[in-house]
Amino acid sequence: TLASAASSSDSETGGASPPPRKKSRGSAAEGAGESGASAAVNAFYKMQANGTGGQEPEPEPQLSCRNGESSSSAAGAVHSNGLQSSANNGLPSTESPASDTSTKKKKRLSQSDEDVIRLIGQHLHGLGLNQTVDLLMQESGCRLEHPAATKFRNHVMEGEWEKAESDLNELKALMHSPSAVVVRVQSPLSISTVRCVNRMKFLLLQQKYLEYLEDGKILEALQVLRAELTPLKYNTERIHVLSGYLMCSLPDDLRAKAEWEGKGTASRSKLLDKLQTYLPPSVMLPPRRLQALLRQAVELQRDRCLYHNTKLDSGLDNVSLLIDHVCSRKQFPCYTQQILTEHCNEVWFCKFSNDGTKLASGSKDTTVIIWQVDPDSHQLKQLKTLEGHAYGVSYLAWSPDDTYLIACGPDDCSELWLWNVQTGELRTKMSQSHEDSLTSVAWNPDGKRFVTGGQRGQFYQCDLDGNLLDSWEGVRVQCLWCVSDGRTVLASDTHQRIRGYNFEDLTDRNIVQEDHPIMSFTVSKSGRLALLNVATQGVHLWDLQDRVLVRKYQGVTQGFYTIHSCFGGYNEDFIASGSEDHKVYIWHKRSELPIAELTGHTRTVNCVSWNPVLPGLMASASDDGTVRVWGPAPFLDSQETEGHHWDI
């Protein structure tokens, strides 16, 4: 009866059952004069309260930070988690020698387990759940941070700068090893450690100096500057800047000039975040470490998501951490939304405007059609038709502000048309010679000049009225692009290369060399990457800065027709190209294999353009006489619109 009553009591209180032999002796000593089960139960509770089992009480085991190393847990002192707290946080004590024995027998935590517990503890502490943190650290036998670090933290947050500076001497010994919680220094401090301590001291004194200035204690601030900051001989330039703050007459002026939040919790928390970077994580965890790891995990999942095509939210508020991030293919522009059939012959080129509100398409039927993009439905409707291009239109270029549109023809065309898109009027019809071949054009970033050329050796720079500003003789141009510096023009030529031409100092240099003809190329918004359509080879990605071939994309059929590919999607993470097999191919920039093959056209797809503002909208032009507009699937369920789907 005694054993069963004690066992029942243990199960209700959640404690471990003491050995039966101790229970029997305890009940005999304490339960005399009482009868039955009630005497046994009372005896057991007295035994639990006294912390004895009929024998001398064992010394209470000390909590440790590494499952065995000693740590103080006295009431009112620094707890095992390193944070100041009252004894037991006001909770009833459940400790007993028996439960301590059970704790000793627990399996030793691995290093990764300890790290996870500390990360959780730091996060809970940030939420203000300090009692929960104390219990977590006590039960696990871990320590959130070193007591010296806790003391340092408290002194910084309370603005006790002399004490905080004194704490640095204690922290010096802990800055040698990033792994050990306590390090016994056997050798003199390294130079790097001394520098770190000086940097930390500089940051402390800088905060102290600014707070004195804000409080109007000019003499004290001057004393800090002369007697404490300057002797450190660290960051002399910054000291000169700090000295200039002495001229600020008002606290608001000081805060604005120093870009400082002012005396208080906000600025001191920022200071502490900077100071923590100099301490090993075993001593003091980096600020908000768990959130940083979770954010990295979310970003990695998004980076690996083949169809992720929306803005990256760096926060965690709009993300579920309970499931992996997976975007559905149905959210991607893989589905025909519209087929534009207004052209009556092959469509050779199409291009969205820079603001994404219009699409221009050029055809063998001698016309350019301007289409308006509805901002809500993303449907396109015909806006204007620009006529009179006798040889057809094989290339189009929007001016940087989308006011003008230049149209070029095929190889035997010596003319170039510059249209005002807003009015529909032809501003300039340029032709230098009937023997010219003006097949490509590119706008200077200033919007006041453009370059044009062709395969018969013409390479001109002109103004908006078609006046010749400069020319480069003997360059047979296939495709052009103006670099953002406003001086350099990239041109692919008949020697299977891309060269950079500087019209100011008349110099040129080789940038890309291929083994086969470069039929067309385009450059990313950053100016770093170039996408080439190479005859018989397909689509190649080059790094223009390092001048190296980054990737060859597979799948596309490319002969000697001119096919235009493009960067696209949010952050230009995707690449799209037409193909002679009547398909549109889409790749993720990092993957050589296509993630989508779009069918629908019945002849060669000459050009693909991705809307630069609406990442879910794309257009393709084909010899079948149509322009296809691609978008997401027409109907998406709620899970897919949130960026997740499950294959069942």
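Modeller: Let's start with how elements are assigned: helices (H or I, at least four residues) and strands (E, at least two) are DSSP runs, numbered from the N terminus. In this protein, that gives 15 helices and 28 strands. The model is predicted, so to speak of a local feature we need pLDDT of at least 70, and side-chain atom pairs count only at pLDDT 80 or more, while totals for chains, interfaces and linings use all residues. Residues are numbered from 1 along each chain as its sequence is written, and side-chain values use heavy atoms, with hydrogens and water left out.

Colleague: Thanks! Could we begin with a sheet? In what order do strands E18, E19, E20 and E21 lie?

Modeller: In general, strands of a sheet pair through backbone hydrogen bonds, either parallel or antiparallel. Here we have an open sheet of 4 strands, ordered E18-E19-E20-E21, with antiparallel pairing (two strands pair if DSSP finds at least two bridges between them). At the edges are E18 (518-523) and E21 (548-553), each of which pairs on one side only. From one strand to the next, the twist averages 25 degrees (axes are lines fitted to C-alpha atoms, for helices over the stretch in contact, and angles run from 0 to 180 degrees between N-to-C directions).

Colleague: How many bridges join E18 to E19?

Modeller: There are 5 bridges between E18 and E19 (residues 529-534), and these strands run antiparallel. Phe521 has Leu532 of E19 standing opposite.

Colleague: Is Ser520 buried or exposed?

Modeller: Ser520, which sits in strand E18, counts as buried because its relative accessibility is 2% (buried means under 20% relative accessible area, exposed over 50%, partly exposed in between, with a 1.4 Å probe and protein chains only). A polar atom of the Ser520 side chain lies 2.6 Å from the backbone oxygen of Ile563. Leaving out residues up to four places away in sequence, Ser520 touches Cys479, Leu531, Leu532, Asn533, Thr562, Ile563 and His564 (contact means heavy atoms within 4.5 Å).

Colleague: And what is the accessibility of Ser112?

Modeller: Ser112 belongs to helix H5. Its relative accessibility is 46%, so Ser112 counts as partly exposed. The side chain of Ser112 makes a polar contact with that of Ser110, at 3.1 Å (a pair of N or O atoms within 3.5 Å; within protein, one must be able to donate a hydrogen and the other to accept it, and residues adjacent in sequence count only if both atoms are side-chain atoms).

Colleague: At what angle do helices H5 and H14 cross?

Modeller: The axes of H5 (residues 111-126) and H14 (residues 289-304) cross at roughly 110 degrees and come within 8 Å. From H5, Leu119, Gln122 and His123 meet Arg289, Leu290, Gln291 and Leu293 of H14.

Colleague: Which residues of helix H7 are buried?

Modeller: In H7 (residues 147-157), the buried residues are Ala148, Ala149, Thr150, Phe152, Arg153, His155 and Val156. Just after H7, Gly159 has a positive phi of about 75 degrees.

Colleague: Where else does a positive phi turn up, say in the hairpin of E4 and E5?

Modeller: At His378, with phi near 65 degrees, in a hairpin that has 6 residues between its strands. Strands E4 (residues 368-373) and E5 (residues 380-386) pair in the antiparallel sense over 6 bridges; Gln372 has Lys381 in E5 as its bridge partner.

Colleague: And what share of the whole protein is buried?

Modeller: Of its 648 residues, 46% count as buried. Among contacts with a separation of 6 or more, 50% come from residues 24 or more positions apart.
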